[in-house]
Amino acid sequence: MLRALLLENLHPQARTILESAGIEVTTRTGALDESELVDALQGVHLLGIRSKTQVTEAALASAGDLLAVGAYCIGTNQIDLAAAASRGVATFNAPFSNTRSVVEVALAEMIALTRRLTEFDRSMHEGVWNKSATGAHEIRGRTLGIVGYGNIGTQLSVLAENLGMSVVFYDTAEKLALGNARRAQSLDELLDVADIVTLHVDGRSGNAGLFGAPQLARMRPGAIFLNLSRGFVVDYAALRDAIVSGHVSGAAVDVFPVEPKRKGDPFDSELRGLPNVILTPHTGGSTEEAQEAIGQFVSNKLRDFVATGSTTLSVNLPNLALDQQAGVHRLTYLHRNVPGVLAAVNATLAEHGVNIEGQLLATRGEIGYVVTDAGAPIDDAALSALSSRPESVRLRLLS
């Protein structure tokens, strides 16, 4: 019986899909720290997390039964991907499932901040009728600067243009501009022209401190700033100074360098209490629609990996999927990427009288992956011969 541990309040669909595949599922609310995770992973084959639980090399080293990790979110920087790959632990995420949710909340925040709805709302709740057009603008005709032109940035670009905005974007990778969007050659070039700056970069370590006092000072006076990407990307003390001085007229922040592990835990930030600032608890992608789609997508990937060996869209292992045939016995072999492995696998199977019906090999960096369908049962001697080879990482007989 395979066992799965799902943390951080995943959508019920995540559990339902795995249980329907005959997997025993345990769920726990909130994130776990490293020592808690080490204890919890004993005897666990599949781990499901969101963004808070850190899957470190130490946690992976202690989890001898672990086959795969599912990140039920976009980012995977909370997982030591190299350490997972070196142990044959596949990692999957949901790179597309909550894109629309993040884009919609970004648009909503742009409109709310540009119209100063946050301040009007606060005044009304305080019993003050403050009807005024001062400082309130339409977003039509304004320039949106998108930093990071990936799945979210590109969809935001299209919808922003539909609202009458001009779009300029900056990305370190070569990206195709959609619609009438214009690529900036540098971040400074974007900051010089954007009325609204929104960050949608990934969690790679090189993005740490990407946006600080120099970048905020470069923004146009009265511009608006949004960060729905990663908390460590922005110097929030510098952002506070820019808002207090009036240089930045409003901001929306959904992610923070240090975030509470559990719902209801206390939260603090230097941005609390500032006018025309929207703070949300990392909920940019947290709609019921997105969470259901994420639960389905990642659990399907985990299910398919343990059942068929498919690594399609794995973020740390070679990607391949071999079509299933009836009456075959499937063997998956993760190994160090050295010459001669495929020949050795086939020679070993031939020595034990096993005929190969289908086979695929893929490599990714230092890891190789072979999926083999055999026409007859593969005996223990053949399995032992393969698993004892010096390049072996993990061998699994699926059927």
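The accessible surface of the protein amounts to about 18000 Å², and carbon and sulfur atoms contribute 50% of it. The model is a predicted one. Of its 399 residues, 48% are classed as buried. The C-alpha trace extends over about 85 × 40 × 35 Å along the principal axes. Among contacts with a separation of 6 or more, 64% join residues 24 or more positions apart.

Charged side chains number 33 positive and 43 negative. The centres of these two sets are 4 Å apart.

The secondary structure consists of 13 helices and 16 strands. Five of the strands form an open sheet in the order β2-β1-β3-β4-β5, and the pairing is parallel. The edge positions are taken by β2 (24-28) and β5 (90-92); each of these has a single partner strand, so one side of each has no neighbour in the sheet. On average, neighbouring strands of this sheet are turned by 15° against each other, with direction ignored.

At the β2 end of the order, the pairing can be described at residue level. Strand β1, which covers residues 3-7, pairs with β2 in the parallel sense through five bridges. Within this part of the model, L6 is placed opposite T27 of β2.

Helix α11, residues 288-308, lies across β3 (46-49), β4 (68-71) and β5. The angle at which α11 runs to β4 is about 165°. Strand β5 is therefore both an edge strand with a single partner and one of the strands across which α11 lies.

When neighbours within four places in sequence are left aside, the contacts of H137 are with T114, R115 and R142. The C-alpha atom of H137 is separated by 20 Å from that of V168, a residue 31 positions away along the chain.

How values were computed. Residues numbered from 1 in each chain as written. Predicted model: local features only at pLDDT ≥ 70, side-chain atom pairs only at ≥ 80, totals over all residues. Heavy atoms only, no water. Helix = DSSP H or I, 4+ residues; strand = E, 2+ residues; numbered from the N terminus. Buried < 20%, exposed > 50% of the residue type's maximum accessible area, 1.4 Å probe, protein only. Contact = heavy atoms within 4.5 Å. Areas by Shrake-Rupley, 256 points an atom, 1.4 Å probe, with all protein chains shown as cover. Lys, Arg positive; Asp, Glu negative; His and termini not counted. Charge placed at Lys NZ, Arg CZ, Asp CG, Glu CD. Pairing = 2+ DSSP bridges. Axes fitted to C-alpha atoms, helices over the stretch in contact; angles between N-to-C directions.
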